[in-house]
Amino acid sequence: MAATKIIDAPRNGHEMAPLNTRARGDGTHGVTIVLTAPQRNSVQSVDIPGEPDRAAWSGKMQFFLSIIGYSVGLGNIWRFPYLCQQNGGGAFLIPFMIMLILEGIPLFLIELGIGQRMRLGALGVWNTIHPWLGGIGISSCIVTLFVALYYNVIITWVFYYLFNSFRYPLPWSTCPLNGSGFELEECAKSSETTYFWYRTTLDAAPSMDEPGGLKWWIVLCLLLSWTIVFFIVMKGIQSSGKVVYFTSLFPYIVLTIFFVRGITLRGAGAGLMHMYTPKVEKLLEPTVWLDAATQVFYSFGLAFGSLIAFGSYNTPKNNCVRDVLLVSVCNAVTAIYASVVIFAILGFKATVNVDRCVAGNTDILVKHALLPFKNASSEDYETAIHKINATEFSLLHLSECSLSKELDNAAEGTGLAFIVFTQAIVELPGAPFWAVLFFTMLLSLGLGSQIGILEGMLCTLFDIDIIKRVKKQHVTGVVCLFCFIVGFIFCTGAGEYWLKMFDSFAGTIGLVVVALMEMIAVIFIYGHERFTEDIYQMTGYRPGLYWQWTWRYIGPVIMVCILVSSIVFMVIRNPTYGAWNADLGVVEQKNYPSWVMGVALAMILAGVLPMPIVFLMRSFQCLKVDLDIHQGSIRRNETTASTKEMIDNDDDDDDDDDENDFSGPALGGHVKTQSDFSEDDEEDKPMTMRMMMMRPTTNANTPLKNLGTNHLNVPTSRKKNYRKNTYDV
């Protein structure tokens, strides 16, 4: 017989009300079920084994490469070098490293650790912590969908450039000719690479109000990119885990090849000096610190749900703290390494442009007898230039040849990859070879990040019971087909304008809000003590003061600062986009149309509103799908192996150690099977919620057809006494 213990169990506010809490006055008693968590060092922690048949990494290397391929993406190539250049050169590394330590690494461990602890996707994790938090998973999935839509368009453009890289000479190396044998005016006014990007590749429209039709070559490349992504992720990590060996390692091989080639080029040293010369006074500007925090946040891919999904495929005893530190160091080193490669080659390009500028000015000076001959020394050239006043300089149509000015023109994003860097590649001997290498590297980086983005979204979808019943290939196919169709908006002449709008609005405020709510949910609702204990149980390492302070205070403050400043900048700075002016051959800044701003606002709200909506609807139980949130919470915990042990009869002193092990399979504990129970144990076992619902009525007057009814029936017969037992485990 089990001993009777009366306790006051702590309540979280979402447990189901007791079935019967008082004697009924007729001699019968109700059954009170109180489930309490096992005690570990005075920290309550519920063992949640997650899905017993969940997929797992085939090895540690596969997990590490997958997370590296996801975290190290295009932003390390075309965003970080630009930020270094604009925000104080080498001095920018100071705020970047500070934000990496105070913001990126702590939130990184929260996502990876909670995924490994729960062994569930983003939706399942937040529902398990508290049903009212389920909206965090939905918001994360929606924002991830928006990002996946436009991120694959970048891969589309890379495909188009990669195919054209096999042509000799490269199609962006010269301007096309008109019928008279002269260069096209649009190309002559801009440059060869700029013309190829805006006219040949995009066939850019004059504005978002005049998008033009679909560009069939972009549509075909978009179809190819989504098809490849589908075949990579259609079976989850069973298929994508094999591809990461290429997508993660190949970019480093290419970067090393470019590094060796770049530092041997003329002008490479000037490019590196220009980039990394520290401008300490820049650190006094708040925007520099904001840029550093934002770069750290997006370079890790936080709040997408992908890190939670990757962590859920780990073994329960995996050392996630070590993984977080290794990936963080690798991410930072890769960004610095890539910026060295980029600016070494951009220094070469700037030097070549300056030499061309000087040669053009020399011809003009010789023509006007200001220089004796074309092969004059650089000292003679400088002397002649200094003798000319500003008026004469303009009348002679001389150009200003400045190396620093050329290096200051370095662009970010698509401008760096498809305009600036392609111009540098043209100057290299064997240009097609370097073009193929460069765009294959971009393709690998893009696919690695896209795999992680989709894995996070699909893992969230498969936390939904209805979708679980459908084959993974079918769900993945539907998602990719939907994204391909919606992606037609990026295949018009205004495709690049739409991509910049998505990048500016869809993946900014929504992601920061989700990240802030994730930190609040884990540290203040799930409990920082409980999460600390979970990390200790999984890794043997107990997070100390650094983790506690960054989780509880510093991290949330930084997130709030990023969120507030992002909103303020959007309100103060009138959002604009760069539209191509074919007549002038330049990019002009234009205001977004009002209807486009309406679409942007709708995307922001779509990524944020699910959190308060789910909170309100579940707190007031106004969703028919959630017939009883409290009951669902109890039923979820009841079906775990750890709860089976909690409700087991634990007063038998002859049981072996496994019987007293409260750690579920997530922590390597014992999992009970049907053979562990005897028929005698079944009679003494306290009733679970499901057993009470399925228990047949014992009243003798009850007809046979009512046996097994799915209602809570109270026995009225006094022939059998019922025990009122509350089990304290």
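Let me begin with a definition: a residue is called buried when its relative accessible area is under 20%, exposed when it is over 50%, and partly exposed in between. Please also bear in mind that the model before you is predicted.

With that definition, consider Glu-496, which lies in helix H22, residues 495-506. Is Glu-496 buried or exposed? Its relative accessible area is 2%, and Glu-496 is therefore buried. What surrounds this residue? Setting aside neighbours within four places in sequence, Glu-496 is in contact with Trp-157, Trp-197, Tyr-198, Leu-202 and Thr-414. With Thr-414 there is also a polar contact between the two side chains, at 3.3 Å.

For Asp-203, phi is about 45°. Asp-203 sits in the loop between helix H8 (192-201) and helix H9 (216-233). Because its relative accessibility is 25%, Asp-203 counts as partly exposed.

The other residue is Ala-303, with a phi of about 75°. Its place is in the loop that runs between helix H12 (286-299) and helix H13 (306-312). Ala-303 has a relative accessible area of 0%, so it is buried.

Finally, where is there a cis peptide bond? Such a bond joins Tyr-168 and Pro-169, with omega about -5°. Pro-169 belongs to the loop between helix H6 (134-164) and helix H7 (185-189).

Thank you for your attention.

Definitions and conventions: Residues numbered from 1 in each chain as written. Predicted model: local features only at pLDDT ≥ 70, side-chain atom pairs only at ≥ 80, totals over all residues. Heavy atoms only, no water. Helix = DSSP H or I, 4+ residues; strand = E, 2+ residues; numbered from the N terminus. Buried < 20%, exposed > 50% of the residue type's maximum accessible area, 1.4 Å probe, protein only. Polar contact = N/O pair within 3.5 Å; in protein donor to acceptor, adjacent residues only side chain to side chain. Contact = heavy atoms within 4.5 Å.
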